[in-house]
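Open the model in your viewer and keep the selection tool at hand. This tour goes stop by stop.

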Amino acid sequence: MDAYTQYLIICPLLFLGGFVDSIAGGGGLITLPAYLLAGLPPHLALGTNKFSSAMGTTISTARLALNGFIKLRPALICIAGAFIGSSIGSRLALLISDEIFNKLLIIVLPIAAFYVMRNKGLSQDPNSYVDKTDNRTPLRIAVIAFLLGGYDGFYGPGAGTFLLLALTGWASLDVRNAAGLTKAANLTSNIAALITFILSNNVDYQLGLAGAVCNIAGAYIGAGMVLTKANKIVKPLIIVVLALLFIKIITK
């Protein structure tokens with residue numbers, strides 16, 4: 001596939017990924033398939049997706065931190081767990097052949113999509129969960145960050161939604177605090193995995209930079225839309241992109 005066609009695929013889909021992520025979460029269900037649809041091998045697609053997503057996540061995490069949504073002590077616990085987990089996960093991903101990884105995508109993608117779309121409204125209601133933390137909460141945060149950091153490093157799509165669900169469910173955090181920790185963990189796991197993929201020469205910087213710009217633009221526009229109207233198009237967008245990816249993998 002020539003470079004021009006790759007940009008034609010990646011730029012609009014990365015824009016849509018940012019748009020979807022800002023509204024309901026799960027943008028990775030569009031951004032990673034975008035790089036795969038553009039013809040990048042799985043490992044290169046993973047690394048390039050981490051490159052573009054890390055740039056967007058840095059901006060959103062900084063915004064939450066400046067507004068006081070990220071508490072220092074639990075954030076440090078989350079960061080440590082996510083970094084270790086993602087480093088391990090990304091190294092495991094590199095051990096798997098492209099052929100096997102394509103088969104894993106057929107299994108993992110629909111599962112991740114199901115949970116993300118089913119729970120996409122969670123973060124929209126800050127009163128949905130009440131903070132019921134106790135002395136076991138720091139350990140639970142560490143375990144959650146490690147396990148889902150590992151998933152994010154190995155694969156990624158839906159990691160933010162899974163983190164938010166686990167932090168509000170098992171760790172009993174309220175949604176506002178959980179959202180802040182989710183962004184901190186996401187940024188950390190992205191950076192840890194990105195380091196691994198950079199060291200193994202699995203990042204296309206030109207495509208990743210173009211994707212990052214489009215992703216940030218989509219997130220900016222999506223954040224300003226009325227959620228009740230925008231949510232109606234999120235599910236169809238994800239389904240269409242995943243269907244295209246399945247067709248590509250199956251007919252390859």
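Is Leu-167 buried or exposed? Select Leu-167: with a relative accessibility of 0%, this residue counts as buried. Buried means under 20% relative accessible area, exposed means over 50%, and partly exposed covers the range in between, with a 1.4 Å probe and protein chains only.

Before going on, note what is on screen. This is a predicted model, in which local features need pLDDT of at least 70 and side-chain atom pairs count only at pLDDT 80 or more, while totals for chains, interfaces and linings use all residues. Residues are numbered from 1 along each chain as its sequence is written, and side-chain values use heavy atoms, with hydrogens and water left out.

**Whole chain**

Colour by secondary structure. The chain shows 10 helices and 0 strands. Helices (H or I, at least four residues) and strands (E, at least two) are DSSP runs, numbered from the N terminus. Now colour by burial: 49% of the 252 residues count as buried. The accessible area of the chain is about 11800 Å², and carbon and sulfur atoms hold 68% of that. These areas come from the Shrake-Rupley method with a 1.4 Å probe; for residues, only the protein chains shown count as cover.

Contacts come next. A contact means heavy atoms within 4.5 Å. Take the contacts between residues at least 6 apart in sequence: 83% of them join residues at least 24 apart.

**Helix 7 and Leu-167**

Go back to Leu-167, which sits in helix 7. Show its surroundings. Leaving aside neighbours within four places in sequence, Leu-167 contacts Ile-141, Ile-144, Ser-172, Leu-173, Ala-178, Leu-181 and Thr-182. Draw a distance to Thr-182: the two C-alpha atoms are 8.1 Å apart, with 15 residues of separation in sequence.

Among the buried residues are Ala-159, Phe-162, Leu-163 and Ala-166.

**Helix 7 against helix 6**

The axes of helix 6 and helix 7 (residues 159–169) come within 10 Å and cross at roughly 165°. That makes helix 6 roughly antiparallel to helix 7. Angles over 145 degrees count as roughly antiparallel, under 35 as roughly parallel, 65 to 115 as roughly perpendicular and the rest as oblique. Axes are lines fitted to C-alpha atoms, for helices over the stretch in contact, and angles run from 0 to 180 degrees between N-to-C directions.

Show side chains. Ile-141, Ile-144, Ala-145, Leu-148, Tyr-151 and Asp-152 of helix 6 meet Ala-159, Phe-162, Leu-163, Ala-166 and Leu-167 of helix 7. By class, this contact has 10 nonpolar, no polar and 1 charged residues. Ala, Val, Leu, Ile, Met, Phe, Trp, Tyr, Cys and Pro count as nonpolar, Asp, Glu, Lys and Arg as charged, and the others, Gly among them, as polar.

Which residues does Asp-152 touch? Select Asp-152 in helix 6. Beyond its neighbours within four places in sequence, Asp-152 is in contact with Lys-50, Ala-159, Asn-186, Ser-189 and Asn-190. Asp-152 counts as buried, at 5% relative accessibility.

**Helix 6 against helix 4**

Helix 4 (residues 72–95) and helix 6 (residues 137–154) pack at an angle of about 30°, with their axes 6 Å apart. That makes helix 4 roughly parallel to helix 6. The residues of this contact divide into 14 nonpolar, 8 polar and 1 charged.

**Two loop residues**

Most residues other than glycine have a negative phi. Select Ser-172, where phi is near 60°. Ser-172 lies in the loop between helix 7 and helix 8 (175–199) and is buried, at 17% relative accessible area. Next, select Asn-201, with a positive phi of about 60°. Asn-201 is in the loop between helix 8 and helix 9 (205–223) and counts as exposed, at 68% relative accessibility.

**Last stop: Gly-18**

Jump to Gly-18 in helix 1 (residues 3–24). Gly-18 is buried, with a relative accessible area of 1%. Not counting residues up to four places away in sequence, Gly-18 touches Asn-215, Gly-218 and Ala-219. Draw one more distance, to Ala-217: 199 residues apart in sequence, 7.2 Å apart from C-alpha to C-alpha.
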